[in-house]
Amino acid sequence: MSFLRQIFLFASIFLATESSLGQRTYFEMGTISVNQNVTTVITASEPIRFVDISTDKVAGDQPIDNTLRLKPKDGEHQDGELLAIVTIITERYRTQYALAYTSKEREAITDKEIEIRERQQYNNPAVTMSKEDMYRYARRIILSKPQFRSTSNHQKGLKMRLNNVYAVGDYFFIDFSVDNKTSIRFDIDEIRLKLKDKKTSKATNAQILELEPAIILDERESFLHGYRNVIAVKKLTFPNDKVLVLELKEKQISGREISITIAYEDILSADGFNKDLF
């Protein structure tokens, strides 16, 4: 065989191998054994953004961000029968499993964690920043020195103040604190962020838009004296006749609440992440 022929043969094999790397059949996928009397729980290392079950033979739901539950709808299947292919897409990777029926309940998988070797890197166009990155930034911010001094509110022995507003990518990170001057523990019910009219009259209905935080760094349920937290929210702009209102509400029966108003000027002055902080 000539030298050029050897090169051509090698190149053909290499290209064929490369072209097949992005393709596979269900025989090459990981297999999960399922049974109609057993719930199979699949857990991802990060929030699941999309799930596809290729047939209607398997029911599934997503009770929390990173967890998927599966179960065959009936038991009228042969052992080893392929019921469906499940595709799971997270913020940064995707995974596929072949769901094979087993009539033996003890062989059905009840708990499956997606392993690193099963993850295929995926550039999800719907995700501009992963939750992992958000939490990493928020943990740095909560250790930073407060920059705002004038944005605060005193009410019922509580003082709430704005510490910092940072901007990165498509998100604002709002850093705030609450000091409890009373001896009564504050039991947190909810943290809410709203976009409201700056001035309202009794004759008109106030326009209020509820904003859903992408993350809340500290998920604790109560505090006694000092409390500091960081929330991330999708970046937005709003006119001068609107303000952001950040509310902290307590559980009943006491039902205390306190809020701060964040003006558009504060949002405009949001710092970008810098080398000193990050």
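Q: How many salt bridges does the structure hold?

A: Side chains of opposite charge can pair when their charged atoms come close. In this predicted model, the structure holds 18 salt bridges.

Q: Which residue forms a salt bridge with Arg49, and where in the chain do the two lie?

A: The partner of Arg49 is Glu91, and the closest N and O atoms of the pair are 3.3 Å apart. Arg49 belongs to strand E3, while Glu91 sits in the loop between strand E6 and strand E7, so that the pair, 42 residues apart, links distant parts of the chain.

Q: Is Glu91 buried or exposed?

A: Burial is read from the relative accessible area, and buried means under 20%. Glu91 has 3% relative accessibility and therefore counts as buried, whereas Arg49 is partly exposed, with a value of 41%.

Q: Are Arg256 and Glu250, which meet in a salt bridge, buried or exposed?

A: Their side chains meet at 2.9 Å, N to O; Arg256 is buried at 9% relative accessible area, and Glu250 is buried at 5%. Elsewhere, salt bridges that share partners join Lys112, Glu115, Arg117 and Glu118 into one network.

Q: What is the volume of the largest pocket, and which residues are closest to its centre?

A: The largest pocket has a volume of about 340 Å³. It is lined by 20 residues, of which Lys131, Tyr135, Ala214, Ile215 and Glu219 are the closest to its centre. Strand E13 gives the largest share of this lining, four residues, and by class the lining has nine nonpolar, two polar and nine charged residues.

Definitions and conventions:
Residues numbered from 1 in each chain as written. Predicted model: local features only at pLDDT ≥ 70, side-chain atom pairs only at ≥ 80, totals over all residues. Heavy atoms only, no water. 1 Å grid on protein atoms, 1.4 Å probe; cavity = no way out; pocket = protein on both sides within 12 Å on 5 of 7 lines; lining within 4 Å. Points joined across faces, edges and corners; volume = space filled by probe spheres on them. Nonpolar A, V, L, I, M, F, W, Y, C, P; charged D, E, K, R; others polar. Salt bridge = Lys/Arg side-chain N within 4 Å of Asp/Glu carboxyl O. Buried < 20%, exposed > 50% of the residue type's maximum accessible area, 1.4 Å probe, protein only.
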